[in-house]
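Subject: Structure handover

Hello,

Here is the structure I promised to pass on. Please open it first, then read the notes below.

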Amino acid sequence: MIDPFTLAAFVPMALALNLTPGADMMFCIGQGLRFGPRAAWMASAGIAVGSLIHAVIAGAGLSALLANSPVAFDVIRWAGVAYLLWLAYQSLTATPPNFETPRVRSSQAFKNGLLVNLTNPKVILFILAFIPQFVRPDAGPILFQFFVFGAIVGVGGLAINGIVGMGVGTFSQRLARHARALNVLTAGIFTALAMRIALMERG
């Protein structure tokens with residue numbers, strides 16, 4: 001059983017980190033702009049699941065191997081860059097959306113969020129640097145503790161990124177007459193995220 005005082009210290013810190021604008025939040029904003037509030041929530045759900053997967057992998061020790069392997073780190077990084085650039089291309093070449101009808105399947109928005117999170121190596125390094133500070137060997141299985149802390153980070157991110165993306169998505173519906181400009185803006189967000197990942201350093 002994880003100590004209640006440890007959880008009490010972890011939760012506000014995790015929420016504070018979730019509130020810090022980053023790649024996940026920007027991706028949800030892009031999904032909200034391009035596809036509307038529902039897509040933003042589903043993308044946020046995919047990101048939350050990705051965070052939980054990262055935590056479980058870290059608890060199993062595999063993330064440490066990736067973080068210490070330049071080749072593995074670069075493979076994940078460039079996979080993320082390629083995927084974000086592909087999403088940017090799709091936004092630029094897409095027909096301006098009709099905001100009165102669904103524009104993307106929920107499963108697709110969820111998958112996009114999941115893949116963007118899983119291919120961001122900074123998430124791996126963050127999990128390795130942050131969660132172990134609260135893990136106690138005498139509090140039960142290490143993997144279970146990583147799972148709990150990862151779930152807390154995921155749930156907090158789900159709520160915050162979803163609300164932000166939903167707000168932007170609702171606003172974007174009022175700009176339907178400028179749908180082409182929204183496509184270009186969304187493509188710009190995805191491209192900026194790709195460049196950020198491409199230029200990141202391991203440290």
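Let me start with one residue. Leaving aside neighbours within four places in sequence, Q31 is in contact with G36, A39, A40, A43, A109, N112 and F190. Q31 is found in helix α2, which covers residues 23-35. Is Q31 buried or exposed? Its relative accessible area is 1%. The cut-off for buried is under 20%, so Q31 counts as buried.

Before going further, please note that this is a predicted model.

The chain as a whole

How many helices and strands are there? The chain has 9 helices and 0 strands. Along the sequence the pattern reads α-α-α-α-α-α-α-α-α. The chain has 203 residues, and 46% of them count as buried. Its accessible surface comes to about 10000 Å². Carbon and sulfur atoms hold 71% of that surface.

Helices α2 and α3

The axes of α2 and α3 come within 8 Å and cross at roughly 155°. Angles over 145 degrees count as roughly antiparallel, so α2 and α3 are roughly antiparallel to each other. Their crossing is right-handed. Which residues make the contact? From α2 come D24, F27, C28, Q31, G32 and F35. From α3 come A39, A40, A43, S44 and I47. By class, the contact of α2 with α3 has 7 nonpolar, 3 polar and 1 charged residues. A39, A40 and A43, on the α3 side of this pair, are also among the contacts of Q31.

Helices α3 and α7

Helix α3 has another partner to look at. Helix α3 spans residues 37-60, and helix α7 spans residues 121-130. The two pack at an angle of about 55°, with their axes 10 Å apart. The crossing of α3 and α7 is right-handed. On the α3 side, the residues are S51, H54, A55 and A58. They meet V123, I124, I127 and L128 in α7. The residues of this contact divide into 6 nonpolar, 2 polar and no charged.

I53 in helix α3

I53 is found in helix α3 too. Leaving aside neighbours within four places in sequence, I53 is in contact with L114 and L118. L114 lies 61 residues from I53 along the chain. The C-alpha atoms of I53 and L114 are separated by 9.7 Å.

Two more residues are worth a look together. L15 is found in helix α1, residues 4-19. At 38% relative accessibility, L15 counts as partly exposed. Which residues does L15 touch, neighbours within four places in sequence aside? They are G156 and I160. L15 and I152 are 137 residues apart along the chain, and their C-alpha atoms are separated by 8.7 Å.

V155 sits in helix α8, residues 142-173. Its relative accessible area is 55%. The cut-off for exposed is over 50%, so V155 is exposed. V155 and L15 are 140 residues apart along the chain. Their C-alpha atoms are separated by 9.4 Å.

Best wishes

Terms used: Residues numbered from 1 in each chain as written. Predicted model: local features only at pLDDT ≥ 70, side-chain atom pairs only at ≥ 80, totals over all residues. Heavy atoms only, no water. Helix = DSSP H or I, 4+ residues; strand = E, 2+ residues; numbered from the N terminus. Buried < 20%, exposed > 50% of the residue type's maximum accessible area, 1.4 Å probe, protein only. Contact = heavy atoms within 4.5 Å. Areas by Shrake-Rupley, 256 points an atom, 1.4 Å probe, with all protein chains shown as cover. Axes fitted to C-alpha atoms, helices over the stretch in contact; angles between N-to-C directions. Left-handed = near helix turned anticlockwise from the far one by under 90°. Nonpolar A, V, L, I, M, F, W, Y, C, P; charged D, E, K, R; others polar. Parallel < 35°, antiparallel > 145°, perpendicular 65-115°, else oblique.
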